[in-house]
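Got the viewer open and the selection tool ready? Here is a walk through the model, one stop at a time.

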Amino acid sequence: MVHFNLTKYFTAALLMLAMLFVLWDRPAAAAPSGPDRMSASVSEATYSSSTKLQSISTSPSLSLPFSPSQTRYSVEVPFSTDRITFWATAADSQARITVNGNRMSIDGYQVSLSVGSNTIVLDVEAPNSQPTRYTIQITRLDGSSDDALGSLSFSSGRLYPSFQPDTTEYTLYVDYPIQYIYTTAYVRDTGKATLQVNGKSFPDGTTIVNKKPMETGQTSLVISVTAQNGNIQPYYITIKRAGPTSTTVPSGSSGSFDIQPIAKANTDRLVEPFGIKKVQIELALSPYKSAIQAKGSEAVTVDGTANQLRPLLEIKVLPELWKAAGDYGKTLLVQTNELDIALKPNVLPQTAEDAAVVLTVKPADLTLRSEWNVKPTSTSRDIAAFELSLESVGKDTARWNRPITAAFKLNPHSIRQASKLGAYRYDEASRSWTFLGGELKTGNRFEFRTDAMGLFGVFEEDQAYLDIRGHWAEPIIAIMTTKKIAGGVGEGRFSPDEPITRAEFVSMLSRAMDLQQSAAVSFPDVPGDAWYRYDLAKALSAGLIEGSDSGSFLPQATITREQMAVMIMRAYSLKMSIRQQDILFPAGAKFTDEDTIAAWAYRSIRLSDAVGLMNGSPDGAFHAQATATRAEALVVLYRLLNKTMPS
């Protein structure tokens with residue numbers, strides 16, 4: 001029974017295998033309808049995907065949101081992008097890719113771009129497939145048309161007219177002793193426009209110098225700016241060098257200004273053991289003798305520039321020049337590559353024969369010492385830094401007047417806001433920076449005064465007070481606090497609308513006037529360790545303040561407007577070198593409350609209004625006995641700082 005069933009099942013299995021073999025070996029028929037039609041449709045989709053791109057990459061990179069199914073793109077590129085290299089891969093590794101009809105290789109394919117619209121066509125072809133075309137529309141933007149200079153400065157001479165980017169013709173008047181002129185130019189469109197001097201290309205901000213000493217007469221210098229779009233704007237500078245005496249400069253031309261980059265090495269260069277470049281310069285009397293002996297001038301410009309970029313300078317003023325300057329009472333304005341410094345020699349005894357000075361100027365890197373890099377908390381960044389030293393050499397001792405005035409030549413592109421710059425000197429004893437003040441002058445020269453030599457830096461102030469935002473005096477408070485004429489009251493506050501005390505105002509006034517001399521303070525209510533005592537002593541020496549009828553100063557009393565008017569007019573007289581009685585007194589009454597003004601303050605109040613230092617309120621009154629606020633006091637001092645003698 002069991003044997004019979006196994007035989008049956010075995011026979012059935014053989015029959016099934018035979019049928020499968022027949023079906024497996026049967027050739028395919030023509031495409032019928034039904035399920036086989038769906039299979040053909042899938043095959044077509046597969047062929048189509050083989051001509052799709054899998055990826056696109058470019059150099060420089062384009063902002064393309066690539067998708068294999070998206071075949072049209074558009075993108076903008078800056079003018080600086082004048083060519084693009086494409087790389088692409090297809091979904092089918094056997095597919096052929098062309099760019100604008102040219103076969104793409106493994107190294108990609110580079111396409112040059114014209115200004116305006118550029119059409120890039122990528123075709124993908126594969127056997128037995130319809131090709132796929134990708135179109136990329138690239139618009140290359142037009143270049144900048146700014147072909148102006150942003151800054152132009154010279155180491156010596158008087159430029160007329162003063163530099164303005166839109167003025168293209170100038171005359172530079174140079175005194176006879178000056179033989180070399182260092183010219184520095186910056187384009188206005190940094191990074192896009194290019195600079196040429198007398199037809200030669202130079203990097204932006206390059207300082208160039210004439211190769212040979214200038215002769216008396218006239219030479220020409222042409223500085224051109226080429227804009228990104230190809231526009232060219234030349235600037236013409238006529239350089240007129242005076243003769244050995246005060247004669248008219250000849251009108252004829254002595255040729256073109258032959259220039260070279262200041263970085264070019266010269267025979268003066270010395271290499272010290274540590275690889276520091278040092279240039280030694282000696283200043284003799286002969287080139288400057290006529291200027292020293294000339295009447296009518298207080299200063300003589302001497303050339304201490306070097307034929308290198310940012311070197312360590314060692315400038316020796318020889319005994320004959322130093323003694324002559326002292327004898328004739330002349331200040332020597334020493335001009336170097338990076339800064340100017342004014343030295344006024346004291347008169348030497350007649351027996352002195354060998355007294356000279358050596359000025360050393362060294363660019364400083366504040367990152368070399370960690371303590372140098374700890375800048376004042378009110379500053380945000382450093383603009384320039386130098387080490388200065390001045391020493392007497394020789395058998396006799398040379399001395400000079402103090403304070404000394406120096407001026408750093410700043411890169412104009414580093415200046416964001418001139419009113420926020422301040423000079424500091426590093427004090428080695430306290431390991432901290434001491435504020436010196438200073439002001440930005442013409443030619444991007446930041447000028448300051450110092451009583452001592454050492455390490456100096458120009459920093460950008462960034463002190464922000466939370467309670468002056470939106471205040472009517474905010475801009476002036478920012479300027480005056482940058483100059484350290486006033487400071488905050490703590491916790492990030494300035495308290496602009498708080499009354500100001502007599503001690504606070506006198507301290508601000510003394511700093512605003514940059515007073516130097518001090519007198520003994522004998523007021524019984526001024527402690528010996530009072531924070532304002534030093535400023536008070538200087539204001540007292542200058543005659544700006546007096547005590548009360550009781551002989552006290554009343555430092556903590558709030559100052560009244562009439563008291564402030566008296567002090568500010570005394571300061572105005574000192575600044576303008578004019579006596580108050582010589583100032584024209586305005587006729588008639590001005591304020592509706594003049595009968596309340598104290599007799600001792602009446603003239604000062606009327607004059608302070610006449611010269612534009614103080615004025616009344618909208619109701620026509622002056623309010624002489626009212627107290628002044630900290631903001632009002634700073635505004636008055638700001639007006640005083642900006643007063644100049646009328647021409």
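**Stop one: the aromatic cluster**

Select Tyr424, Tyr426, Trp433, Phe435 and Phe459, which together make one aromatic cluster. Keep in mind that what you are looking at is a predicted model. Now hide everything but Tyr424 and Phe459. Their rings form a tilted aromatic pair, 5.4 Å centre to centre and with 35° between the planes. The pair ties distant parts of the chain together: Tyr424 belongs to strand 29 (residues 421–427) and Phe459 to strand 33 (residues 454–461), 35 residues apart. Are Tyr424 and Phe459 buried or exposed? Tyr424 is buried, and Phe459 is too.

The structure holds 16 aromatic pairs. For another one, pick Phe66 and Tyr73, a stacked pair with 6.2 Å between centres and 25° between planes. Phe66 has a relative accessibility of 23%, so it counts as partly exposed. Tyr73, at 8% relative accessibility, counts as buried.

Next, look for charges over rings. Show Arg140 and Phe79: the charged end of Arg140 sits over the ring of Phe79, 4.5 Å from its centre. Then jump to Arg502, whose charged end sits over the ring of Phe553, 4.6 Å from the ring's centre.

Zoom in on strand 24 (residues 331–335). Four of its five residues are buried, so the rest of the structure largely encloses this strand. Strand 22 runs parallel to strand 24, and five bridges join them. Strand 25 runs antiparallel to strand 24, joined to it by four bridges. Strands 24 and 25 form a hairpin, with three residues between them.

In soluble globular proteins, nonpolar side chains tend to be buried together. To see this model's largest nonpolar core, which has 58 residues, start with those that have the most contacts inside it: Phe505, Leu509, Leu536, Ile568, Leu634 and Leu637. Then bring up the elements that give two or more residues to this core: helix 5 (474–482), helix 6 (502–513), helix 7 (533–541), helix 8 (561–576), helix 9 (599–610) and helix 10 (630–641). Which helix gives the largest share of this core? It is helix 8, with nine residues.

Centre the view on Leu509 and show its surroundings. Leaving out residues up to four places away in sequence, Leu509 touches Leu544, Met567, Ile568, Ala571, Leu637 and Leu640. Another core, of 45 residues, lies apart from this one; select Val300, Ala352, Ala398 and Ala423, which are among its members.

Conventions
Residues numbered from 1 in each chain as written. Predicted model: local features only at pLDDT ≥ 70, side-chain atom pairs only at ≥ 80, totals over all residues. Heavy atoms only, no water. Core = buried A, V, L, I, M, F, W, Y, C linked by side-chain atoms within 4.5 Å. Buried < 20%, exposed > 50% of the residue type's maximum accessible area, 1.4 Å probe, protein only. Contact = heavy atoms within 4.5 Å. Phe/Tyr/Trp six-rings, centres within 6.5 Å; stacked < 30°, edge-to-face > 60°. Lys NZ or Arg CZ within 6 Å of the ring centre and 35° of its normal. Pairing = 2+ DSSP bridges.
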